[in-house]
Amino acid sequence: MNLTKVKQIVGDLPYMSLEKAQIMNDFIHKNNITNILELGFYHGVSTCYLAAALEEVEQSSILTIDLLSAKNRQPNIELLLEKCDYLDKVEFYYEPASYNWRLMKLIEENKRKFDLCYLDGGHDWYNTGFAFFLVDKLLQPGGWIIFDDLDWTMEHIEA
């Protein structure tokens, strides 16, 4: 499935645009990315685009993590992945407090390394800063971390 077909399925759901998906797709192919770790998936839009980018890549994988609250979103990642026919191609986890717990478990298991981490969550020093430290231990030598939302600020949070 190409990015345009994914766009038809995900519509205008937040948070990755088709334009940003194309930038990620080009980056993935230019840098021979095969194993992606995604932190923060919200509805799963970005996950579907990332899966489309890896569709033609043999032995590729995506592991994505978000909060347990993401399970209740309509639609949620499971529904979007199913509609895009990627449900069996993506490993996803819901965590009660932070993706950092799952990262710690991945480090302890010491079974996999990633070429790319797409970090689109946390939005604060505690989660994102610690995630950066943990992700560094999970990246292949020469691996990449791409931070989304660099212009995001706390002032938009309602008390």
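**A walk through the predicted model**

L63 stands opposite E91, a residue of strand β3. That is my way in. A word of caution before going on: this is a predicted model.

So, the strands. L63 and E91 face each other, and the pairing around them is between β2, residues 61-67, and β3, residues 90-95. The two strands run in the parallel sense, and six bridges join them. How does the chain get from β2 to β3? It passes through helix α4, residues 77-83, and this β-α-β crossover is right-handed.

On the way from β2 to α4 there is a loop, and P75 sits in that loop. Is P75 buried or exposed? Its relative accessible area is 16%, under the 20% cut-off, so P75 counts as buried. What does P75 touch, once residues up to four places away in sequence are left out? The answer is L13, H43 and L80. Now look at G11. It lies 64 residues from P75 along the chain, yet the two C-alpha atoms are separated by 11 Å.

Next, the aromatics. A search of the whole structure gives six aromatic pairs. Take F41 and Y94. Their ring centres are 5.8 Å apart and their planes stand at 70°, so this pair is edge-to-face. The pair ties together distant parts of the chain. For Y94, the relative accessible area is 16%.

Y94 has another partner. F92 and Y94 also form an edge-to-face pair, with 5.9 Å centre to centre and 75° between the planes.

On to helix α3. How many of its residues are buried? Ten of ten, so the helix is mostly covered. The list runs V45, S46, T47, C48, Y49, L50, A51, A52, A53 and L54. Pick out S46, which is found in α3. Its relative accessible area is 5%, so S46 is buried. Which residues is S46 in contact with, leaving aside neighbours within four places in sequence? They are M16, E38, G40 and Y118.

Last stop, helix α6, residues 125-136. It has twelve residues. From first C-alpha to last it reaches 16 Å, close to the 16 Å expected at 1.5 Å a residue. Which residues of α6 are buried? T128, A131, L134 and V135. These cover an arc of only 125° around the axis, which puts them on the same side of α6. There is a general point behind that. An α-helix has 3.6 residues a turn, so residues three or four places apart point the same way.

What about the face turned away from the buried side of α6? That face carries the exposed residues W125, Y126 and D136. And what covers the buried residues? The cover includes β1 (35-39), α5 (99-109), β4 (114-119) and β5 (139-147).

To recap. β2 and β3 pair in the parallel sense. Helix α3 has ten of its ten residues buried. Helix α6 has its buried residues on the same side, and exposed residues on the face turned away. That is the tour.

Methods
Residues numbered from 1 in each chain as written. Predicted model: local features only at pLDDT ≥ 70, side-chain atom pairs only at ≥ 80, totals over all residues. Heavy atoms only, no water. Helix = DSSP H or I, 4+ residues; strand = E, 2+ residues; numbered from the N terminus. Expected span 1.5 Å × (residues − 1). Buried < 20%, exposed > 50% of the residue type's maximum accessible area, 1.4 Å probe, protein only. Arc of directions from axis to C-beta. Contact = heavy atoms within 4.5 Å. Pairing = 2+ DSSP bridges. Right-handed = clockwise from strand over helix to strand, strands pointing away. Phe/Tyr/Trp six-rings, centres within 6.5 Å; stacked < 30°, edge-to-face > 60°.
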